[in-house]
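Here is a short tour for anyone about to open this structure in a viewer. Please have the sequence and the model side by side as you read.

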Amino acid sequence: MKISDILIMGLKSLSRRKARTILTILGVVIGSLSIIIMRSIGYGMENNFKTQVMEQGGLTTITVSTYGAIYDDNGDYVDSKQQKLDNHLVEQIKQIEHVRAVTPVVQMDAALISGRYQGWTYITAMDMDSFDDFEFPGLTMGEYPTPEDPSTIIFGANTPDEFWDTASRGRNTKEIDLQRDKLTLKFQGYPTNDKKKEFTLPLKNIAKMEQTNGEFDYNTYMDMEYFKKIYLKYCNTLKVEDRKKAIKSLDQYQQIKLNVDNIDNVIGVQDEIKKLGFQSYSDMQFLQPLQQASETLQMVLGALGAVAMVVSAISIANTMVMSIYERTKEIGIMKVLGCVIKDIRKLFLFEAALIGLLGGIIGIILGYVASWLINKFGQPLFGALMSGNWMYDTGNTSFSIIPIHLPILALCVSVSVGLLSGYFPARRATKISAIEAMKTEG
């Protein structure tokens, strides 16, 4: 029997029993649709968790702070400890395997003056060589500092904050134009020596970061060496006692930031830092349990889809068994005419596989439609379900994501289920006696 004959006979057989065929295909549609939707929701949640954690900072970034938070095995905050961060610790961290970049961080409040208006900013000084490693965002104006000119001050998207009129009782405010208005920086913290002129720094090289919806938006960045240079000038305007304290503070960092070469090594590097006696923080601490929860959810949702597919497999098997009973005489005639057993088996397997294929294709199409509807109208439902999780922002997210491999997987499962469900009925058909089959009425 030619392959074309098998195809024609199989299609005719399915078309003769339209109602039964449609109902069986519908079962496969429900099964494949369940797999796609259930898994796509899991992928959507995992992607949203990861995206929102990345908005808070790089996933490969680890921060060691002056006050290190202590968490239990469940990731819940327990206590904090004061930590001494200095150059010795920086060198120790550099020796840890998989650490790609390390920079000390000095953070300090400063005043910004523009005429009679004054604003505030939070300076974060880091080694400019590490800016790329920590994925600093693009700039809407200006350029990042260079070794030739390290004097650039980089404002986050939401800085500097509101400027107000120091001479006004009503606190009149003004929006500063960084490209036109003159700005002067003044350090805070210690009173100026009466015999010295107050330190002020006119800002000539200004840059502005793009919006990131993360920590970059609220900080002002400078190169560490340039910061120390101008801060020492500020220190020279202070009283002797204050000057010593201020200079000494440059050796005590508020943070040490490090970047790891791979996301999979972040937790391991944190363990090495813990062995040094220091607590550290990374967004992976939050993402890892969320990923585990997401994987568990995907398994549960996938299992529900698998149950629907098992039901469709039973439906296909039932359809094929009924078809064999109804076509017993036809099978006998095929055997009498010399049709080999292998071709009879192929015929029934083809019919079962075709049911799986059609059901899978329709299920995939409906899956994309359902995914679109979930993303468009699912906000109230998912907002209520995830309202207790601060990491899950349902305002601007995709609740259902269908990666390219998912429809391919669903189609392969549908066809495989069809073949497996049709195998035993097909085998039964090959064992029917030709003589007994010819005696059957039909």
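## A loop residue to start with

Glu135 counts as exposed, at 51% relative accessibility. Look for Glu135 in the loop between β5 (117-126) and β6 (139-141). Its backbone deserves a glance too: phi of Glu135 is near 55 degrees, a positive value in a residue other than glycine.

## Other backbone features

His98 also has a positive phi without being a glycine, with a value near 80 degrees. His98 sits in the loop between α3 (87-94) and β4. With a relative accessible area of 30%, His98 is partly exposed.

Then there is the peptide bond between Thr159 and Pro160, which is cis, with omega about -5 degrees. Pro160 belongs to the loop between β7 and β8 (163-165). As background, most residues other than glycine have a negative phi, and most peptide bonds are trans.

## Overall picture and confidence

Keep in mind that this is a predicted model. The protein chain has a mean pLDDT of 82, and 83% of its residues reach 70 or more. Among its elements, strand β7 (residues 153-155) has the highest mean pLDDT, 96, while helix α10 (residues 379-385) has the lowest, 59. Over residues 387-394 the pLDDT is below 50, and this stretch has 19 contacts in the model beyond near neighbours in sequence. Where pLDDT is low, the predicted coordinates should not be read in detail.

The secondary structure of the protein chain comes to 12 helices and 15 strands. Of the 442 residues in the protein chain, 45% are buried. Among contacts between residues at least 6 apart in sequence, 77% join residues at least 24 apart.

Met108 is buried, with a relative accessible area of 14%. Leaving aside neighbours within four places in sequence, Met108 is in contact with Thr121, Tyr122, Ile123, Phe187, Phe227 and Tyr231. Thr121 is 13 residues from Met108 along the chain, and their C-alpha atoms are separated by 8.5 Å.

Is Ser114 buried or exposed? Ser114 counts as buried, at 6% relative accessibility. Not counting residues up to four places away in sequence, Ser114 touches Phe163, Ile176, Asp181, Lys182 and Leu183.

## How α4 meets α5

The axes of helix α4 (residues 224-235) and helix α5 (residues 240-249) come within 9 Å and cross at roughly 170 degrees. That angle is over 145 degrees, so α4 is roughly antiparallel to α5. The crossing of α4 past α5 is right-handed.

On the α4 side, the contact is made by Tyr231, Leu232 and Cys235, and on the α5 side by Arg243, Ala246, Ile247 and Ser249. By class, the contact of α4 with α5 has 5 nonpolar, 1 polar and 1 charged residues.

## A serine in helix α11

Finally, turn to Ser421, found in helix α11 (residues 405-430). Ser421 is buried, with a relative accessible area of 9%. Which residues does Ser421 contact, leaving aside its neighbours within four places in sequence? Ser421 is in contact with Ala313, Ile316 and Ala317. Asn318 is 103 residues from Ser421 in sequence and 8.6 Å from Ser421 in space, C-alpha to C-alpha.

How values were computed
Residues are numbered from 1 along each chain as its sequence is written. This is a predicted model: local features need pLDDT of at least 70, side-chain atom pairs count only at pLDDT 80 or more; totals for chains, interfaces and linings use all residues. Side-chain values use heavy atoms; hydrogens and water are left out. pLDDT is the predictor's confidence in each residue, from 0 to 100. Helices (H or I, at least four residues) and strands (E, at least two) are DSSP runs, numbered from the N terminus. Contact means heavy atoms within 4.5 Å. Axes are lines fitted to C-alpha atoms, for helices over the stretch in contact, and angles run from 0 to 180 degrees between N-to-C directions. Angles under 35 degrees count as roughly parallel, over 145 as roughly antiparallel, 65 to 115 as roughly perpendicular and the rest as oblique. A crossing is left-handed if the near helix is turned anticlockwise from the far one by less than a right angle, and right-handed if clockwise. Ala, Val, Leu, Ile, Met, Phe, Trp, Tyr, Cys and Pro count as nonpolar, Asp, Glu, Lys and Arg as charged, and the others, Gly among them, as polar. Buried means under 20% relative accessible area, exposed over 50%, partly exposed in between (1.4 Å probe, protein chains only).
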